[in-house]
Structures are given as structure tokens and as C-alpha cells.
Amino acid sequence: MQKRDHELTIAFHPYHPKASSAVEHRRRRIVALLHQYPQGLTAREIREVLGFSKDLAASALSGLFVRGVLHKHGHCYVLAAFDEALEPSSKSWKGFQRC
């Protein structure tokens, strides 16, 4: 019975390696940037503003998306906290195309 309990614990708590501090730093920078752009930005816009490579940005965005921090609207990433507060009448915001 004890072995079965251990197997159930493993099934419900899968191992997730802790992200490196560099990955967490990139994620925090993306979240901080998206706080400035509640309507969202594309992956390309995020890369250009923050100077990330395509692969590093994709990895960080994927991690944030999987954790529920970001939502996608078309090609744009939006903070989940701002998702309900989008203004549909706005076509652009702070120089970026509205998503």
C-alpha cells in the first residue's frame, strides 16, 4: 500500500526542473514590458524591444503561457490580468499595432 501511495504522489506532482535564474529574468522582463502594453505585443515586438533572440524569447513566452501568466489573442501575447480589460475600440497603443 505504501508503494501505491508513492506512485500516486508522483502521478499528481510531476517533476518540473527549476528554471535557471537567466530564464526567470527573461520572464520577469517580458511581464514588466507587457504591464506597459495591456493590449499586448507580438513575439517579434517583444524580441525587438528587449533584444532577445528568437529562441530565447519563444522559450520564455512558452513558459509564461503554460503557467497561465499570458494569454494569446491572435499573434499577440497579453497578460492574463489585463485580458478582461482590453479596449476593443483602440487600434494602436504607444506606437504598436493593436492585436
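Of the 99 residues of this protein, 27% count as buried, where buried means under 20% relative accessible area, exposed means over 50%, and partly exposed is anything in between (1.4 Å probe, protein chains only). What you're looking at is a predicted model, in which local features need pLDDT of at least 70 and side-chain atom pairs count only at pLDDT 80 or more, while totals for chains, interfaces and linings use all residues. Residues are numbered from 1 along each chain as its sequence is written, and side-chain values use heavy atoms, with hydrogens and water left out.

**The overall layout**

- Starting at the N terminus, the order of elements is α-α-β-α-α-β-β-β-β.
- Take the contacts in the protein with a separation of 6 or more: residues 24 or more positions apart account for 53% of them, and a contact here means heavy atoms within 4.5 Å.

- Helix α4 covers residues 54-66, so to speak a run of 13 residues, and reaches 18 Å from its first C-alpha to its last.
- That reach is close to the 18 Å expected at 1.5 Å a residue, the expected span being 1.5 Å times one less than the number of residues.
- Have a look at Ala57, Ala60, Leu61, Gly63 and Leu64, which are the buried residues of α4.
- Seen down the axis of α4, these buried residues fall within an arc of 160°, so they line one face of the helix; the arc is that of the directions from the helix axis to the C-beta atoms.
- On the face of α4 turned away from the buried side, you'll find the exposed residues Lys54, Asp55 and Val66.
- The cover over the buried residues of α4 includes α2 (21-36), α3 (43-50), β2 (70-73) and β3 (76-79).
- After α4 comes Gly68, which has a positive phi, near 85°.

**Charged residues in helix α2**

- Arg26 sits in helix α2, and Arg26 is buried yet has no salt bridge. A salt bridge here is a side-chain nitrogen of Lys or Arg within 4 Å of a carboxyl oxygen of Asp or Glu.
- For Arg26, the nearest side chain of opposite charge is Glu24, 9.3 Å away; Lys and Arg count as positive and Asp and Glu as negative, while His and the chain ends are not counted.
- Leaving aside neighbours within four places in sequence, Arg26 is in contact with Phe52, Leu56 and Ala60.
- Glu24 does have a partner, though: its side chain meets that of Arg27 in a salt bridge (2.9 Å, N to O).
- Arg27 and Glu24 are both part of helix α2 and lie 3 residues apart, about one turn of the helix.
- Arg27 counts as buried at 9% relative accessibility, whereas Glu24 counts as partly exposed at 29%.

- The structure holds 2 salt bridges, and one of them joins Glu48 and Arg44, with the closest N and O atoms 3.1 Å apart.
- Both Glu48 and Arg44 belong to helix α3, 4 residues apart, about one turn of the helix.
- Glu48 is exposed, with a relative accessible area of 56%, and Arg44 is exposed too, at 55% relative accessibility.
- Leu50 is also in helix α3, but Leu50 counts as buried at 14% relative accessibility.
- Not counting residues up to four places away in sequence, Leu50 touches Arg29, Ile30 and Leu33.
- Leu50 and Arg26 are 24 residues apart along the chain, and their C-alpha atoms are separated by 8.9 Å.

- β2 and β3 pair in the antiparallel sense over 4 bridges; two strands pair if DSSP finds at least two bridges between them.
- Lys72 stands opposite Tyr77 in β3.
- The hairpin has 2 residues between its strands, and Gly74 takes a positive phi there, near 65°.
- Ala80 lies in the loop between β3 and β4 (92-93) and is partly exposed, with a relative accessible area of 25%.
- Ala80 and Leu70 are 10 residues apart along the chain, with their C-alpha atoms 5.0 Å from each other.
- Besides Leu70, Ala80 touches Gly68, Val69 and His71, not counting residues up to four places away in sequence.
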